[in-house]
Structures are given as structure tokens and as C-alpha cells.
Amino acid sequence: MEWLNTLLQGMLLGGLYAMFAVGLSLMFGIMRLVNIAHGDFIVLASYLALMVVNHLGFSPLASLLVVVPLMFCFGYLLQRLLLNRTLGTDILPPLLVTFGLSIIVQNLLLEFFSADSQKLSQGDLEVASVGFGGLNVGVMPLIVFASALLIIAGLQLLFYKTSVGRAFRATSDDQRTARLMGVNNAHIFGWAMALAMAVVSIAGVFLAIRTSFDPTVGPARLLYGFEAVIIGGLGSLWGTLAGGVILGVAQALGAKIDPGWQILAGHLVFLLILVVRPRGLFPRSVD
Amino acid sequence: MSNQKSLLSIEKLCAGYGDFQALFDISLTLEQGETVAIIGSNGAGKSTFLRSLAGLIKNQPGAVTFKGQAIGDLAANQVLERGIALVPEGRKLFPSLSVEENLLIGAYSKRPGPWTLARIYQLFPVLEKLRKRPGTALSGGQQQMVAIGRGLMANPHLLLCDEISLGLAPTTIKDIYAALPSIKADGTTVILVEQDINQALSVCDRFYCFQEGRVSLTGRPGDADKAQIKAAYFGI
């Protein structure tokens, strides 16, 4: 029973990792952009939420109402004004620019918020739990996991049922031909980044409720996100969820064996899957 | 040359890729409703010409005038919004989109006009049964039909067709060219780029022959004799 509980906790944690990963997957899938600053944007969202909570008196969950639209607009502008200029046949410029952004964001956060650890408190909800036949499951982890499911289902609908979603997929296939269809790449890329940042902000708020954070924790979140994307297979959103869950379970089981093994177990499972299935578990059939 | 009433007028268009110049001072006019064929051997600059028109290669703004407006320096998506659609060489269907989605993305710009999904299926009935399939799971001829349908879904005033018979069986080519009269019936102006001279001359109102990036001959199919075309085509 204890192991089953660990397994379940790991699965629910995987929902958060999937949220880290979805944004990365969107950006890489649509515009072949690898965003090194992704983890730092997650932490930036956490600090934005902290400000909203401290200054406007919102609860952390209610702060999403402010943080999500803010990050959405930030994402669109960032893409249109800066990142679109780095995209081209060479993959190095976007890597360098987002690496620079990562350093800038970390240092700005350090400057404004100091290196002190912060945490958002959701009050009673954080310790509330529901029973599942002998297992006690936290309400917050359930909310996080359900949010991940909703986000992925929503994106899936957007991708397969709307005109803008078709434009996303067409651009992902062949940017040049998509332009011939009247698709304005610069705008579509802005949209993709805006969506990615909206997901990032939800992940950032949930992260801040779950654990304490400081300006330097971004890169580790980036790594978890990358691992989840690669495990799941590039280009598949549900695969990303599977990747997140596998990573979460591996970490939880590792921690159960020995607390020092938590992070290492995640990395080992990631490496193992890379060896066995180099393209991930659910790669998109066409590349 | 720049007749105000012409749908399209191209004046001294020069284009190329980087240091390589493929087109030299091409001038050409096109009237509403005409079908014009561009013939020429490999490397004559035919595809470069269409790409320049479609906005995939940027030109001097004044080099291309469409409906009285200079569009030479517009990007491909802006050119499409003005009403010029390109059916690209090699079809270039989107592999992760179904046949129907490939057609629907053609209408992304929401230009109003006669072409709808239903009319495309009327024009190419075989596509309706295949509409759920991935675009690239079709035969070459069927893929070409999707590519043409996708271009028409933008309701263009001017449809550019790049080598639509390339690599297809003669009977398939006949099926595809059979769609041309219905396309023209709506007043759509067509530029056909072809290597197959006979095919091109049998359907066009006028033709231009390109040779090494220059217009080597132009006229009506009935007026030019075989020897003249051969000389303009091969440069011998």
C-alpha cells in the first residue's frame, strides 16, 4: 500500500512536469525553437504570482487570473520583438539568445526579490486530502494533475479543430508552404509563444504552491521539462503527459528507496528510455 | 507595356538566389481570364519566375503590378491576400494534415469567392472518399488534385501552377487538365509552368518561352511554328 501510494504521488507530480514540458514541446514543434530560458520563465511566473498575492491580496490560485493573461501577452511580445529575429536556418542564435535571457531573468529576480526562498500558501487547501480506498491523496496534487489534463486536452482541441491549430500544424510541417497559404509565420509564432507562456504561468503558480522557490531554481525545471518531452516523444502532447508521469514516478520511487536517489532516479530512467527508444515513446510519425 | 487594365504586369523583373541571378529583365502582361503558359527547359527560370510572383523571392516593388498595385516586395502571405495563389512544384502537401485539412488551410485567408470544399469535391470527386486520409498517403495524381484544390480554396484571381504534370502518368495528366475549363469558367486567370510543350500549348491562350532567364519567344499557340518554338526552347 505504501508503494502504491508512492506510485500515485509520483503520477500526480508528473502532471506538473508535463506542464513544464508542454510549453517546450509547443515551441520546438511549431518553430524549432529550443528555449533555454523556459525554466526561468516558470520561476518568473512564480514571482509574478507572489507580487499579486502580496500586493492585491489574491489567493495563489486566484492570482492565475492576473498572471496568465500577463504572461500570455509577454510571450507574444517576446516572440514578435525579439525571438522571431533569431529564427532562421541556423539553430545557434535562438539558443544563445534564450541562454542570455535565462541569465538576465535570474539576475533581475535576484535584484528585485533577493535570494531568499519564497513560497505561496494556499491555506487549508494545501493540506486537504481525499481518501481513495485506504490511500490518501492531496487535493492540491489532484488539482494540478487535472489542470495538466485539461490543458493538454484543450491544446489538442485547438490543434485539431480550429483554423489556427491547422496553421500551427502546417507551419510545423513546412514554414515556406504555410506562408503560401496566407499564414503569417511571425504572428503564428507569437501565438505559439503566448500559449506556451500561458501554460508556463500555470505551472509556475502550482510550483510555487508546492515547494519553495528562489531565483536560481529555473534551470532544474527546464531539465525536467526537457526530459518529459524527450521521454514522451517530440511533437506529441499526450506523450508529453506520459513523459511527465514517468519522470514523476521514477523520482518518487527513487526517493522512496533513498531520499538521495530522487533526482538521480529520474535521470536514470530518462537515459534508459533514450537508449531503448531514442525517439521517445510516442514520436510523431512524420518529421 | 504597363497597361492600366491588365490584371498583372511585370516589368524588367530580375530575380535569383544570393549571388546567382536566374531571371534577367522579364517583362510580361496578363489580362483577366487569360491562361498563359510558360515553357522552357530545365533551369530556364520558370519556377524562379513563379516564386518571385508568389512572394517567396523578394523583388523591386515596381517589378510586379497586380490590379494596379505594386506588389513586388510583399511577403508570400501578403501576396496571397491580394489574390495570387501558387500550386507549388512537387505539390508540397502538409504531411500531418488530412486531405480535407490540406484543402481547408488553403482557405486560411478567408478570401470570399466561388470555391468551397463542396465545389472542390465536385471538381475532383475522388478526393471526397479520401478526405480523412493523410495528404501524403495518396497517389501522385490525387496529391496533385489536392494541391490544386488547396490553391483554389484561397479563391485567387490568379492561380500559378508549377509543373502540375511532372512525374504523372499521361492518363492522370489528362484528368488533371480536364479541371482547367471549370477553373477558367469562374474568371480565374491561370499561369501554367510546364516542361511538356504540347500539353501547355494545347490549353493556353498565349505562351512565353523562357531560355536562360530571358523571354526567348512569345505568341499564341496557333501562330508559332514548331521550329520557332524548338529554337526558342533549346536555344539552337
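Predicted model: local features only at pLDDT ≥ 70, side-chain atom pairs only at ≥ 80, totals over all residues.
**Exercise 1.** Find which elements of chain A give two or more residues to the side that touches chain B.

*Solution.* Start with the elements themselves: helix H6 (163-173) and helix H7 (175-180) of chain A each give two or more residues to that side. Then look at H6(A), which gives the most, with six residues.

**Exercise 2.** Locate the salt bridge between chain A and chain B, and name the side chains that form it.

*Solution.* First, the count between the two chains is one salt bridge. Next, pick out the partners: the side chains of A:Arg169 and B:Glu101. Finally, check the distance, which is 2.7 Å from N to O.

**Exercise 3.** Describe how much area chain A and chain B bury between them.

*Solution.* Begin with the contacts: 19 residues of chain A touch 22 residues of chain B. The two chains bury about 2000 Å² between them, and 63% of this lies on carbon and sulfur atoms. On the side of chain A, the residues that lose the most area to chain B are A:Arg166, A:Leu180 and A:Met181. Together they make up 36% of what that side buries.

**Exercise 4.** Is A:Leu264 buried, partly exposed or exposed?

*Solution.* Find A:Leu264 in helix H11 (residues 262-276) of chain A. Its relative accessibility is 43%, so A:Leu264 counts as partly exposed.

Conventions:
Residues numbered from 1 in each chain as written. Chains lettered and ligands numbered in written order. Heavy atoms only, no water. Helix = DSSP H or I, 4+ residues; strand = E, 2+ residues; numbered from the N terminus. Buried < 20%, exposed > 50% of the residue type's maximum accessible area, 1.4 Å probe, protein only. Contact = heavy atoms within 4.5 Å. Buried area = accessible area lost by both parts, 1.4 Å probe. Salt bridge = Lys/Arg side-chain N within 4 Å of Asp/Glu carboxyl O.
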